[in-house]
Amino acid sequence: MARGIARLRRGDLEPAAAAFRTAIKIASDFPPAAVYLGACYAAGGRDREAAGAWQLVLALGQEDPVVYRLAADALLRLGDAAGAADVLTDAVRAFPQDAELTRRVALARASAGDAAHALELIEPLLAAGSAEPDVQVLAVKLAIALAAGNTTSDHAEDLARLQRYRQLLARGQERPPPLIAHWIRHLEGAARPPVRP
């Protein structure tokens, strides 16, 4: 381990990785070696191997929010948003009070095209008033995406959600994006019954 860390500090990635692989062979249940091996792979642009090393750490029962984030970030860099979301979903189960993990899994779900599930994850943060401004804005964007994709004639739920989010943003430090006002006007018009001549 000491040789691997020294080599990693010097930027000698492959010799460092070799030292960490040797440490894993000697003690396969020693998670720090796999954490550092993942760091070597990530520094060398080998994100698939990095994600695998970090997932090995998690499989060894070494649940750590940082390791979950590292594994998910590597998968996101590979374009595997669904895989990252799965890793982060496990992280949220292990650390339900970690709002940052919840935000990350929502972002991953949104990146994977699952706006409804992403919004479902963010809602408790919004209700508790613990959502950061960027999470509030993400919620608005996801709500707009859901409203835009709603092909039914009933937009009451979409409208109520956007009105609620506009109020939330107005109470906080974040200025509501102009797009939210546009969509609220649009949905209010869609909710009105047609005028008969």
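Which residues are linked with E14 in a network of salt bridges? I found R21, R46 and E49 in that network. I took a salt bridge as a side-chain nitrogen of Lys or Arg within 4 Å of a carboxyl oxygen of Asp or Glu.

Before going on, I noted the ground rules. The model is predicted, local features need pLDDT of at least 70, side-chain atom pairs count only at pLDDT 80 or more, and totals for chains, interfaces and linings use all residues. Residues are numbered from 1 along each chain as its sequence is written, and side-chain values use heavy atoms, with hydrogens and water left out.

**Overall form**

I looked up the secondary structure and got 11 helices and zero strands. Helices are DSSP runs of H or I, at least four residues, and strands are runs of E, at least two, numbered from the N terminus. I read the spans of the C-alpha trace along its principal axes as about 85 × 30 × 30 Å.

**Salt bridges**

I searched the whole structure and found 14 salt bridges. E49 meets R46 at 3.7 Å, N to O. I checked cover next: E49 is partly exposed at 35% relative accessible area, and R46 is partly exposed at 34%. Buried means under 20%, exposed over 50%, and partly exposed in between (1.4 Å probe, protein chains only).

I then turned to R103 and E100, which pair at 2.9 Å, N to O. They sit three residues apart in helix α7 (residues 99-111), so about one helical turn separates them.

Last, I checked E157 and R161, which meet at 3.0 Å, N to O. Both lie in helix α10 (residues 156-171), four residues apart. E157 is exposed at 59%, whereas R161 is buried at 11%.
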